[in-house]
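The sequence and the structure are shown first.

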Amino acid sequence: MFKSLSDLAKKLGKQPPGKPPAESQARPPERQPRSGDQTSTQQQTQRNRAMPPDLSQPYRPAQSNPPIQAEPQQQPLLTQLPPVRRLSTPLAPAPVPDLSVPDTQPADEPIGSQPKPEMPLPSQANLQSATDATRQSLIGKIWDVLSGQSSQSQAVFSDKIPSRLLEAETLEDQFDQIEEILLRSDVGLETAIAITDRLKAERGKLNTVHDVLALLKQSFEEILAPYAIDPYAPLAQSDYENGLNIILVVGVNGAGKTTFIGKLAHQLLLEGHQVVIGAGDTFRAAAMEQLEVWAERSGAHFIAGKENADPASVIYEALSAARLQGADTVLLDTAGRLQNKFNLMEELRKIRAVIDKDILAHAQKANNLGEMPGHMPGHMIDTLEVLLVLDATTGQNALKQAEVFQEAVDLTGVVLTKLDGSAKGGVILSVAKDFNLPVKYVGVGEKIEDLKPFVASEFVESLFSKF
């Protein structure tokens with residue numbers, strides 16, 4: 001007779017249901033080692049190794065003890081491992097955090113104490129690429145005529161070509177071709193004739209390709225030199241504390257007036273000026289909305305009237321608001337108009353008259369009240385810039401615009417936009433020579449910082465940089 005079900009199970013080689021393995025039944029409960037109790041762990045390991053295993057039972061690793069490396073014949077079968085789950089789609093790589101900019105401000109530097117960004121120096125870094133099209137259509141074609149080599153080939157970088165001797169019998173014909181190239185590049189008739197006449201007058205000194213290019217470069221520099229501006233201060237600034245710098249912006253539709261005002265406001269604010277923008281274009285439906293977006297983007301104050309309001313009255317309100325708020329600069333937009341529309345040009349003359357009257361009244365008031373020490377009677381306290389915005393892609397049409405706007409409002413300078421997308425940058429020479437107007441700014445890209453003060457020497461250098 002069997003004394004218990006365990007004896008019967010051992011005889012039959014089976015495990016009685018609901019009973020733990022014989023090995024666990026034979027062993028007393030083991031004390032769990034405490035954290036850091038190395039002696040108890042070692043003693044428990046020795047007892048486990050000293051007790052012979054029951055080979056009649058399948059191997060089950062203990063849950064309470066760390067696994068012990070068993071002999072090869074005692075390793076569990078691989079079939080007992082859980083199956084591997086495979087994803088139907090691979091996991092996307094984890095995003096790489098941008099470590100270049102800290103996510104938060106340092107704790108010891110509150111946001112309000114952060115210094116404002118300094119105004120960058122008037123760099124012409126983008127001018128080189130912006131004049132690529134003009135360089136190729138103007139200087140590149142002149143190179144082709146003189147050297148007999150295409151400026152698009154690798155020969156342009158050869159040291160031998162600039163020193164190549166010119167043939168005297170073909171030089172006169174080459175001068176005529178240069179004059180034609182200048183005209184096609186919108187340099188202007190009078191300017192082109194003046195340049196080629198100088199080449200012919202000094203032909204005895206021109207022996208190589210380099211000699212001709214050097215004389216052309218010198219001619220370009222001399223044309224622009226009388227109208228060179230200070231790149232650090234391209235606009236007039238009042239010498240008086242309460243003086244107002246007034247900038248009236250004119251031009252035809254699509255020239256880029258609104259964009260220029262927004263970018264200029266951004267630069268002036270970075271320099272520390274207090275800027276007010278006046279929306280004098282009350283004719284175009286979306287003009288005020290677009291200018292307001294630029295004002296918010298740059299951080300300038302914005303003054304606008306109702307749609308179809310009198311533009312001159314809006315300009316007057318902007319001037320009054322600028323003085324009341326203590327601003328030092330006011331940018332005044334005007335409606336785009338064709339230069340052949342008489343009524344619209346008369347409206348522009350009216351705006352200019354309102355500005356002149358306001359400037360005179362402010363000077364007289366300051367003189368009577370003695371607010372301006374050292375102020376001479378009859379001397380204006382405020383400054384006025386009247387800038388014509390020209391699209392560089394219009395070429396010779398820009399010269400006609402300059403002529404009419406000059407007569408209407410007495411321009412003080414020109415802004416040339418979209419220079420990076422035009423092969424007609426030679427119009428800068430005509431604007432300077434024919435109308436005695438300096439180019440104050442050039443647009444060399446679409447970014448808000450892509451408005452650069454025009455530096456004549458660097459413009460000329462960029463045209464001849466690869467030849």
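Helices (H or I, at least four residues) and strands (E, at least two) are taken as DSSP runs and numbered from the N terminus. On that basis, the chain contains 15 helices and 8 strands. The model is a predicted one.

**Overall packing**

The chain has 467 residues, of which 41% are buried. Of the contacts between residues at least 6 apart in sequence, 74% join residues at least 24 apart.

**Surface patches**

E289, E292, E296 and E307 form a negative surface patch. One of these residues, E296, belongs to helix α10 (residues 287-298) and is exposed, its relative accessible area being 60%. A nonpolar surface patch of about 240 Å² is made by L183, L189 and I193. L189 is located in helix α7 (residues 189-201); this leucine is exposed, with a relative accessible area of 53%.

**Salt bridges**

The count of salt bridges comes to 16.

| Pair | N to O distance |
|---|---|
| R135 and D132 | 2.5 Å |
| K217 and E461 | 2.7 Å |
| D358 and R323 | 2.6 Å |

R135 and D132 both lie in helix α5 (residues 132-147), where they are 3 residues apart, about one turn of the helix. R135 is buried, with a relative accessible area of 4%, whereas D132 is partly exposed at 35%.

K217 lies in helix α8 (residues 209-224) and E461 in helix α15 (residues 456-463), so the pair ties together parts that are 244 residues apart in sequence. K217 is partly exposed, with a relative accessible area of 23%, and E461 is partly exposed at 40%.

D358 forms a salt bridge with R323. Because D358 lies in helix α12 (residues 342-369) and R323 in helix α11 (residues 311-324), this pair ties together parts that are 35 residues apart in sequence. D358 counts as buried, at 11% relative accessibility, while R323 is partly exposed, with a relative accessible area of 24%.

Which residues are linked in a network of salt bridges? The network links E172, D176, K200 and R203.

Conventions:
Residues are numbered from 1 along each chain as its sequence is written. This is a predicted model: local features need pLDDT of at least 70, side-chain atom pairs count only at pLDDT 80 or more; totals for chains, interfaces and linings use all residues. Side-chain values use heavy atoms; hydrogens and water are left out. Patches are made of residues with over 30% relative accessible area and no salt bridge: like charges are joined within 9 Å, nonpolar side chains (Val, Leu, Ile, Met, Phe, Trp, Tyr) within 5 Å. Accessible areas come from the Shrake-Rupley method with a 1.4 Å probe; for residues, only the protein chains shown count as cover. A salt bridge is a side-chain nitrogen of Lys or Arg within 4 Å of a carboxyl oxygen of Asp or Glu. Lys and Arg count as positive and Asp and Glu as negative; His and the chain ends are not counted. The place of a charge is taken as NZ of Lys, CZ of Arg, CG of Asp or CD of Glu. Buried means under 20% relative accessible area, exposed over 50%, partly exposed in between (1.4 Å probe, protein chains only). Contact means heavy atoms within 4.5 Å.
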